[in-house]
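User: I'd like to learn how to read a few features in a structure. Can we start with charged side chains that pair up?

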Amino acid sequence: DVLRLVERRGAPAKPREAAGLFHVAILLPERRDLALTLARLVRERLRIGASDHLVSEALYLDDPDGNGLEIYRDRPREEWPRRGDEIAMATEPLDAERMLDLLAPGVDLDAAQPAGTRVGHIHLQVGDLAAARAFWIDAIGFEQTTTYPGAVFMSAGGYHHHLAANVWASRGRGPAPEGSTGLLSFEAILPDAAAVDAVAARLDARRLPYARDAHGLRVADPWGATIVFVPA
């Protein structure tokens, strides 16, 4: 599965300023795949944003429940710029016309997304960046890759980011009201069971609560965003 939706009839929308999901980012294998998605969204007259982040090119929109979506493609890792020890990222305009030039006339805009499509990262709204760093970096073990004003980006294995946290609208705020739309949980696939054990050991050392069963290890950040660590 890439995304799994669970219906809650009558659920209120998550307040914009509440902590929780900022967006889930769907990573496409090739630039042409993103061009096809862009053309389809334009055809459907959906309101979208579009940015060039130096390491990637991205489209942004909300689903009907207000859940943020990013759809993006990565540039080759050897092209990612660096700023000292960190990966350099920015938010610049996307060259949409050049991207659409990748599509031949009469291309099938309704083609399914290609094999290899997956969730590339999760971006969260949090109430406090220091507390977010203490949880996601110090306790969980993600590495900081770069920062924006009001945001921190984190990853494993040198990726530009598997996880981000910002306080742009949520500084000092708590989680969304229980039962509102938004994120239930997301999975991080680790190499093996020993890697999941290592996460458990880090949490035990800090006396942080978690749950573990046959599927994996579940732990929530200070605002209730739940990550499930599963072995590959």
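This is a predicted model: local features need pLDDT of at least 70, side-chain atom pairs count only at pLDDT 80 or more; totals for chains, interfaces and linings use all residues.

User: Which other residue forms a salt bridge with Arg43?

Analyst: That's Asp110, with the closest N and O atoms 2.7 Å apart. This pair ties together distant parts of the chain: Arg43 belongs to helix α1 (residues 31-43), while Asp110 lies in the loop between α2 (96-100) and β8, 67 residues apart.

User: Why does Asp110 count as exposed, and why does Arg43 count as partly exposed?

Analyst: Look at the relative accessibility. Asp110 counts as exposed because its value is 52%, and exposed means over 50%. Arg43 has 37%, so it counts as partly exposed. Glu44, at 44%, is partly exposed too.

User: Where do Asp197 and Arg212 sit in the chain?

Analyst: Their side chains meet in a salt bridge at 2.6 Å, N to O. Asp197 is in helix α4 (residues 193-205) and Arg212 in strand β13 (residues 211-212), 15 residues apart. Asp197 is partly exposed at 39%, and Arg212 counts as partly exposed at 42%.

User: How many salt bridges does the whole structure have?

Analyst: A search of the whole structure turns up 10. There is also a network of salt bridges that links Arg31, Asp52, Glu57, Arg73 and Arg75.

User: Now the nonpolar side. Which residues of the largest nonpolar core touch the most other members?

Analyst: First the general idea: in soluble globular proteins, nonpolar side chains tend to be buried together. Here, the largest nonpolar core has 47 residues, and Trp136 and Phe229 touch the most other members. Leaving out residues up to four places away in sequence, Trp136 has contacts that include Leu124, Phe142, Met154, Leu163, Phe186 and Ile227. A second, separate core has 13 residues, among them Tyr72, Ile87, Ala151 and Tyr159.

User: And pockets? What lines the second largest pocket, by class?

Analyst: Rolling a probe the size of a water molecule over the atoms shows where empty space is left. The second largest pocket holds about 660 Å³ of space. It has 34 lining residues, and those closest to its centre are Phe22, His23, Tyr60, Gly68 and Gln125. By class, the lining has 13 nonpolar, 16 polar and five charged residues. Strands β1 (20-28), β3 (56-62), β4 (68-74) and β8 (118-125) each contribute at least two lining residues.

Methods
Residues are numbered from 1 along each chain as its sequence is written. Side-chain values use heavy atoms; hydrogens and water are left out. On a 1 Å grid over the protein atoms alone, a cavity is a set of points where a 1.4 Å probe fits but cannot get out, and a pocket is an open set with protein on both sides within 12 Å along at least five of seven lines; lining residues have an atom within 4 Å of a point. Grid points are joined across faces, edges and corners, and a volume is the space filled by probe spheres set on the points. Helices (H or I, at least four residues) and strands (E, at least two) are DSSP runs, numbered from the N terminus. Ala, Val, Leu, Ile, Met, Phe, Trp, Tyr, Cys and Pro count as nonpolar, Asp, Glu, Lys and Arg as charged, and the others, Gly among them, as polar. A nonpolar core is a set of buried Ala, Val, Leu, Ile, Met, Phe, Trp, Tyr and Cys residues joined through side-chain atoms within 4.5 Å. Buried means under 20% relative accessible area, exposed over 50%, partly exposed in between (1.4 Å probe, protein chains only). Contact means heavy atoms within 4.5 Å. A salt bridge is a side-chain nitrogen of Lys or Arg within 4 Å of a carboxyl oxygen of Asp or Glu.
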